[in-house]
Amino acid sequence: MAKDSSKTPKKSSRTASNPSVSTWAAQCGKCFKWRKISTQEEFEEIRSRFVEEPFNCDNKPNASCDDPEDIEYDASRTWTIDQPNLPKTPSGFKRELHLRKDHSKMDAYYITPSGKRLRSAVEVATFLQQNSEISNISVSDFSFKSPKIMDDTVPSIPVVANSNKKGATSSTK
Ligand SMILES: [Zn+2]
């Protein structure tokens, strides 16, 4: 597991070019294949009730467990795994995720209907106070939990200049 000599630096410029989410996917609980989810909204719908209703191929129109995988979990792209049952983004708002340049973390924030960016629950609370006409949503409709970055799919980048070999995560420490 520790030796992945295949970790060739795939030096595409994607790091700089597209730091936000480009593809949404969910893993089937039965066949474990990854299925592409076409929109963020659909993805959030699945995510919001993931625990009660685990995703499987039957949930996706025209898909079945017999079909080949839509997308392969590999290092050709950086994968981040979201937590289940996060609230769906309130209508009119947009939730954005941006990957930091060094791939260390994704930052979650919300864009309000008027285009203001909210970066924390405190900012949401303040915003809701100032916009008392918005009465049907509350702070709990927002989540700033960022998805977990899957280290094994992060490209080798020179920024990580310490000599820590991968795999040390499980053996050392
Ligand atoms: Zn399946």
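**View 1. Asp102 sits in the loop between S4 and S5.**
Is Asp102 buried or exposed? Asp102 has 12 other C-beta atoms within 10 Å, so Asp102 is exposed. Now look for Pro155, which lies 53 residues away from Asp102 along the chain. The C-alpha atoms of these two residues are separated by 9.8 Å.

**View 2. Strands S4, S5 and S6 form an open sheet with antiparallel pairing.**
The order across this sheet is S4-S5-S6. Strand S4 (94-99) and strand S6 (117-118) are the edges, and each has a single partner strand, so one side of each has no neighbour in the sheet. As a reminder, strands of a sheet pair through backbone hydrogen bonds, either parallel or antiparallel.

**View 3. Here we zoom in on S5 and S6, which run antiparallel.**
Strand S5 covers residues 106-111, and two bridges join S5 to S6. Which residue in S6 is the bridge partner of Ile111? That would be Arg117.

**View 4. Six residues make up the largest nonpolar core.**
Have a look for Ala26, Cys28, Ile37, Phe43, Ile46 and Phe55, the members of this core. Pick out Phe43 and see what it touches: leaving aside residues up to four places away in sequence, Phe43 touches Trp24 and Ile37. Across the protein, buried residues make up 12% of the 173 residues.

**View 5. Stepping back, the protein has four helices and seven strands.**
Follow the chain along its sequence and you get the pattern α-β-β-α-β-β-β-β-α-β-α. Then there are the contacts between residues at least 6 apart in sequence: 65% of these join residues at least 24 apart.

**View 6. Residues 1-18 have a pLDDT that stays under 50.**
For residues 1-18, the model has eleven contacts beyond four places in sequence. Over residues 158-173 the pLDDT is also below 50, and this stretch has five contacts in the model beyond near neighbours in sequence. Where pLDDT is low, the predicted coordinates should not be read in detail. For the protein as a whole, the average pLDDT is 82, and 79% of the residues score at least 70.

Conventions: Residues numbered from 1 in each chain as written. Predicted model: local features only at pLDDT ≥ 70, side-chain atom pairs only at ≥ 80, totals over all residues. Core = buried A, V, L, I, M, F, W, Y, C linked by C-beta atoms within 7 Å. Buried ≥ 20, exposed ≤ 12 C-beta atoms within 10 Å, placed from the backbone. Contact = placed C-beta atoms within 7 Å. Pairing = 2+ DSSP bridges. pLDDT = per-residue confidence, 0-100.
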